[in-house]
Structure formats: structure tokens, C-alpha cells
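Subject: A structure for you to look at

Hi there,

Here is the structure I promised to pass on to you. Have a look at it first, and then read on for what I found in it.

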Amino acid sequence: MTPKTFHRQVFWLTAAGILVLLISIFFAVSPVNAKPPFQETEKYCLTCHGDSTLSMTLPSGETLSLYVAQDDLDHSLHSIVGIECEACHNNISEYPHPKTEFETKRDLSLAYYQTCEKCHSVNYEKTQDSMHAQAAAAGNANAPVCTDCHGSHDVSPSNEPRSRISVTCAKCHTEIVEPYRQSVHGAALMKDENPDVPVCTTCHGVHNIQDPRTNQFRVDQPEMCAGCHADQNLMDKYGLSADVYNIYKRSWHGVDVSVYKAKWPTIWHDSAVCSDCHGIHDIRATGDPASMVNKENLLATCQKCHPSAGPNWTDAWTGHNEISLERTPFLFYVEKFYGSFTPFILWGCVIYVILQIIRSTVDRVRSNRS
Amino acid sequence: MSGKITNSTPLARQERTFLRFSVGQRWEHAILLLTGLVLLLTGLPQKYRELSISQDLLSNPGQIFLIRQTHHIAAIVLSLLVMVHLARILILMSRRSLPGDLLPTGQDLRDAWHMLQYLLFMRKDKPKFGRYNFEQKVTYWFVFFGIALMGISGFIVWFPVQATQFLPGGVVPAAKLAHSTESVVMAVFIVIWHIYHVHIERLNLSIFTGHLSEKEMRDFHEKEYERLTNRPEEGK
């Protein structure tokens, strides 16, 4: 063997070795990434908690089921990304477990939901400013916490399908869901999973849900509705006018509301906002016989604020329409008249006075000369 | 002061003054001026509410209430004035003693045409006017109909529910637009047309003093001057 062939052998051997090493590294690493994260404790915990009869009795007398269904975990957003039981049950790390001190099932929920904050701090903080947190602070133990809306072991996307959001809220807000379901928005959502109509959270917000009965919420309302109803593309899709908000803003009601909104948002005022005439959860299409603003019902709606209004009154309301000969003839002719009368008077006066100034100046100069 | 020529001593001929407006008419003008100004100043901030000066005026709900209240009170005063004015006309008419000086005539059209030719250097002489020239008649009738319109539209928007008991609903938004627009047209007219004629062309304070001097009468109301001075009983 010459030194030259020896060197060639060493080279090939080294190359082959590197290749084998790379291949083995590839095979060693890639399966770990492809498979779901390894759930060590989940499997361990379920050796006991997979028993559907496992339960305990709380001091309140309630029976607390300790069963965790594998099926729930399979659909949970957490389990598949490797978040394990003790991420939330952070006081339990060994067996036997430390003794629980929860009086009721609700106590248990109220204690465990706080672990959501560890990962979801932004949304958790928001909920602390919400109407629900205020209710809780006022002593309502049933005020919802994270798990009441999102679920616990089966936590899954809250907006799939979209109608699920409204179904979730309806768990507590039972009286509101029915009018909503029959409204133009709710029907489109519940029946057709319409992607555009507002669900509860569209108007009320998600985590920092505020009291909708405040003056601030009231004056902000027209702008909120305008979020969709002033969107030309969206309104075109449903054959609706996108000018309603701009015309409202120029109306008697809209002017009042805008002044209050700009200056005194916390002072109550009676000028109508959208929901006063159209309804809140029960908004109907204007052509719907049950709509509050349907021609048949309009006077009764006006009379809520203008009790002595007579049958002619509804024509005083121009709706959210531009001036037109067919709909508002008086307004049409007044506008037409001033369209020419105003410039006629303005320019007539200006030209006449300028001519007089010129003529009298010329006369004066001439008489001074002579 | 009761006669139209108030001086009888021939020595002071150059001091002769002519009664133009009675005390009642001067009061009418003063109240009209005051209420009109108040109505304009309290109305404009409501019309142009987005301007910063309006925002300052309407700085709290109490201010809005105050401004509206002031507008309404001035409107009532002006309405009473209009009634007094109309009542006076009716009384004079019933006595067959209403002077027709302010009524528009064909002579006014000829005077206006004459004036236009004069202003365009097509004639050298100004038209000769009577007691009220066509410019003054235009002022009176413009304000007359303007106030009528402002009053009617103003009361409709002030009492819309009552108005629609007997009027079609469509008049309410129309009245609002008319009230809002006519106010500005009137303001423009008064500022340009009237202020020019009584302050800049010449300072004519007869609506406050009640009198015109003899020179003013000769220069601006020549026909009236001739009519008054050539009356047989004045004969010189």
C-alpha cells in the first residue's frame, strides 16, 4: 500500500463516517418534532383520573367528579401542545395529593382559573377591568371566570363555529339570547353562521366587557354600529346604505349626541341613539313587520320620547336618507331655492356695492379736479 | 316736531331739518336691531357648532340651555314687535291714512334701471328719489319677508310636535333648513347692503335721530324735498 492510496482510504472512510453521523442525527431529531409533545404526567394522572366513577364529596355536600375524559383532553388546545396537568393544577406534583380545602365546586373553579394568568396575562388583566369582575367583587360568586366561558379540560377555540360565542354567553344571559336569535343579526348567525353579523363580543367586547347601561356606552354606540354600517363594501354585500351614520350625525339626534360625546360623555341625555329606535338585541330589518322602525310601528317608537306626536309626525323624520324629491319634497324645494337664492343675494349685494364704490370714487375725483 | 318741516325762522334756513322717522318707528328699529343681533349671536353658535368659538360658548349643558333660552326670549320680543308693526299698519289702513311711500312701484324699477346705467357710466346723473328710494324699499321688504320666514320656520322648529298637528311632517326639516340658511342670507344682506348704504355711502343716522338735514334731503330725496318745500302753504 502506497502512502497515496492510504491517504485516499482515510479520506473515503472519514467521508462515509460523516455521512452516517448526519443521517443518524437526522433520524434521531426529526421524529421528536413530528410527533405530539410527549405527555408524561397526563398519562400518569389518567391512570387514576381516567376512572369515570372517581369522585369526592366536598364539605358543602356537593359531589365533585374527579374524572377527566381522554376525549376532552384530545380536543383541548393545551394538551396537544404539551401543556401538562400540573401547569394548571400547580399545587399537585406528587401522590398522595395535598389535602384540598375547597368548600364548594365553585371555590375550586375560582381558585384554579387564576392559573390562566401565568400564560394569558394580557387577557387575564383585561377581565379584571370587566363588568364580570365588578360583579364578582360585589359578591356574586357566579360571575364568570375564564373557565366558565372557555371550558377547562376541553378548552378549545371559542369562536368555532362563530355562533358558539353567542351560545356561550347564553349560558347565563338566557333572556337576551331569544330576542337576539330572532333579530336580523342573530338569525343570520345562528342559522347560517354568517361571518359578518355581530356576535355578542362584537359590540360588548371580549375580555374587558363593560356595563352597556352607562352614559359612555350610550354616546359611543352610534360609532360602534358605524363600524359595520358605515363600511361601504360590507353594506353593499347586503344591499344596505352605508350613509346612515353620516346622515344620522347631521340629524337633530345625532348633533346632540355628538356634542355630548365630545364634551360630557358621562352626562345623561335623551337624544336618540341607534338602539332607541332600532332595538338592542332584537334589531329587525326595517322591512320586517316586527321592526320598531317599520312604517306601521314608527309613530309608536317616536312616541316613546315624543308622547304627544300625532300621525303627521313621522314624516318630520327624514330617516337616514339624503334629500330627495320623492321622499322629502318640502326639504327638496327649500334646498333648491336657497341653492340659487343665497348666491344671488350675496353676489347681487357685493357687485352692486362695488359698482357704487367705484362710481362715487370717480365722481369725487372728478369734482375735486374741477 | 309735529310738522314735516321743523323750522320756521327763515334766518336759520340751513339748519332746517326734516322729520323722517317718528319716535315709534325709531324704537321699532332699535328693538329690531337689538333682537336681531341677539338672535344672530345666539343662533350662529348653534348652526356652526364645530367652530372653536361656538365650542367655548357652548361649554356646558347649562350654557346650551342659556343660549337657547336667550334665543327664544329674543324671538318672542321680535314677534311682539312684528305684531305691533302689523297692528299699526292695519290701524292706519282702516283710517285710510297709511302712507304708501314704502310700496314698490313701477318708478322703482325705472329708478333701478337708471341707477344701473349711472353706475356703469352710461349716464351722468343719478336718479332723483322720493321719500324712500328703491334701495331702501328693497331693504324694508327683504327684512319684512325674511323676518316672516324666520318667524314661521323658527316657531315650527321650536314647537315641532304642535306644528305637525295641522301641518305635514315634511315641513319640520324643511323649516329647519330654511331657518338656518335664511339667517345667514339675512346677515349677509344686512352687513353688505344695509351697512354700506347707511354707514359707508354716507353716515345716515336718521333712524336714530329721526331727522334728515336739508342738504341730505336735497341730495338724496330730491323729489320729496321738492314736494315738501313747494307746498302752497310754504310758498316763498
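Let's start where two helices meet. From H19(A), the residues A:Phe330, A:Leu331, A:Val334, A:Glu335, A:Tyr338, A:Phe341, A:Thr342, A:Ile345, A:Leu346, A:Cys349, A:Val350 and A:Val353 take part. Their partners in H7(B) are B:Val171, B:Pro173, B:Ala174, B:Leu177, B:Ala178, B:Thr181, B:Val185, B:Val188, B:Phe189, B:Ile192, B:Trp193 and B:Tyr196. Sorted by class, this contact of H19(A) with H7(B) holds 21 nonpolar, two polar and one charged residues. Please keep in mind that the model is predicted.

How do the two helices lie relative to each other?

Now step back to the whole contact between the chains. It takes 30 residues from chain A and 26 residues from chain B. Which element gives the largest share of chain B's side? That is H7(B), with 13 residues. Helix H4 (106–119), helix H6 (160–163) and H7 of chain B each supply at least two residues to this side. By class, the side of chain B that touches chain A has 19 nonpolar, five polar and two charged residues.

A few words on chain B itself. It has ten helices and two strands, and from the N terminus on the order is β-α-α-α-α-α-α-α-α-β-α-α. Its C-alpha atoms fill a box of roughly 70 × 45 × 35 Å along the principal axes. Chain B has 236 residues, of which 22% count as buried. Among its contacts with a separation of 6 or more, 63% join residues 24 or more positions apart.

Chain A is divided into four parts: domain 1 (36–131 + 144–156), domain 2 (157–209), domain 3 (211–322) and domain 4 (327–358). The C-alpha centres of domain 1 and domain 3 of chain A lie 45 Å apart.

Finally, how far can you trust chain A? Its pLDDT averages 87, and 95% of the residues score at least 70. Over residues 31–35 of chain A, however, the pLDDT is below 50, and this stretch has zero contacts in the model beyond near neighbours in sequence. Where pLDDT is low, the predicted coordinates should not be read in detail.

Enjoy exploring!

Key
Residues numbered from 1 in each chain as written. Chains lettered and ligands numbered in written order. Predicted model: local features only at pLDDT ≥ 70, side-chain atom pairs only at ≥ 80, totals over all residues. Contact = placed C-beta atoms within 7 Å. Helix = DSSP H or I, 4+ residues; strand = E, 2+ residues; numbered from the N terminus. Nonpolar A, V, L, I, M, F, W, Y, C, P; charged D, E, K, R; others polar. pLDDT = per-residue confidence, 0-100. Domains from an automatic or database assignment. Buried ≥ 20, exposed ≤ 12 C-beta atoms within 10 Å, placed from the backbone.
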